[in-house]
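Here are some notes from my look through your model, written as numbered points. I hope they are handy to have beside the viewer.

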Amino acid sequence: VQLQASGGGLVQPGGSLRLSCAASGSILSIWDMGWYRQAPGKQRELVAVISSGGTTNYGDSVKGRFTISRDNAKKTVYLQMNSLKPEDTAVYYCNADLCDITPTCSKDYWGQGTLVTVSS
């Protein structure tokens, strides 16, 4: 099982980016999918999470600016980031709570991380 994240880059303050994360491999079912971020010198923090039924939860610092969504058929989670601020600069990691076909279930599946830099 792999999680492949994409979509990071350099953007000016006030701009937008969309991150994607696709799960692949011998997957039986996917429960929650989410995004976390880690800025230099800081702990990893929750950005947003979405359940298989579409219930969402956001970190306080991104509420009203970021939107998480998912396409269950494509096993993909998205993060639309608007009104970006310099303090949003971080490596963004996708996470999934899933069961493979053995079945082994774990909340500890992580993508490789994608860097988002917000700077003028």
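Predicted model: local features only at pLDDT ≥ 70, side-chain atom pairs only at ≥ 80, totals over all residues.

1. Asp 88 counts as buried because its relative accessibility is 0%, and the cut-off for buried is under 20%. This residue sits in the loop that runs between β8 (76–81) and β9 (90–100). Its side chain has a partner: a polar contact of 2.9 Å joins it to the side chain of Arg 37. With neighbours within four places in sequence left aside, Asp 88 is in contact with Arg 37, Arg 65, Phe 66, Ser 83, Val 116 and Val 118.

2. Asp 88 also belongs to the lining of the largest pocket. That pocket holds about 160 Å³ of space. Arg 37 and Arg 65, both contacts of Asp 88, are lining residues as well, and so are Glu 87, Thr 89 and Ala 90, among others. What is the make-up of the lining, by nonpolar, polar and charged residues? Six are charged, four are polar and two are nonpolar, which may be handy to keep in mind when you look at the pocket.

3. Asp 88 and Arg 37 are both among the contacts of Phe 66, as are Val 47, Leu 79, Met 81 and Tyr 92, when neighbours within four places in sequence are left aside. Phe 66 is also one of the residues with the most contacts inside the largest nonpolar core, a group that includes Trp 35, Val 47, Ile 68, Leu 79, Met 81 and Tyr 92. The core has 31 residues. Elements that give it two or more residues include β1 (2–6), β3 (17–24), β4 (27–38), β5 (45–50), β7 (66–71) and β11 (114–118). Which element gives the most to this core? That is β9, with five residues.

4. Val 77 is in strand β8 and counts as buried because its relative accessibility is 0%. Beyond its neighbours within four places in sequence, its contacts include Leu 19, Cys 21, Met 33, Trp 35, Ile 50 and Ile 68. From Val 77 to Asn 95 there are 18 residues in sequence and 9.4 Å in space, C-alpha to C-alpha.

5. Val 118, another contact of Asp 88, lies in strand β11. It is buried, because its relative accessibility is 4%.

6. Lys 75, in the loop between β7 and β8, has a positive phi of about 55° although it is not a glycine. Ser 83 is likewise not a glycine, and its phi is positive, near 50°; its place is the loop between β8 and β9. Are these two buried, partly exposed or exposed? Lys 75 is partly exposed, at 31% relative accessible area, and Ser 83 is partly exposed too, at 41%.

7. The bond from Thr 102 to Pro 103 is cis, with omega near -10°. Pro 103 is found in the loop between β9 and β10 (105–110).

Notes:
Residues numbered from 1 in each chain as written. Heavy atoms only, no water. 1 Å grid on protein atoms, 1.4 Å probe; cavity = no way out; pocket = protein on both sides within 12 Å on 5 of 7 lines; lining within 4 Å. Points joined across faces, edges and corners; volume = space filled by probe spheres on them. Nonpolar A, V, L, I, M, F, W, Y, C, P; charged D, E, K, R; others polar. Helix = DSSP H or I, 4+ residues; strand = E, 2+ residues; numbered from the N terminus. Buried < 20%, exposed > 50% of the residue type's maximum accessible area, 1.4 Å probe, protein only. Polar contact = N/O pair within 3.5 Å; in protein donor to acceptor, adjacent residues only side chain to side chain. Contact = heavy atoms within 4.5 Å. Core = buried A, V, L, I, M, F, W, Y, C linked by side-chain atoms within 4.5 Å.
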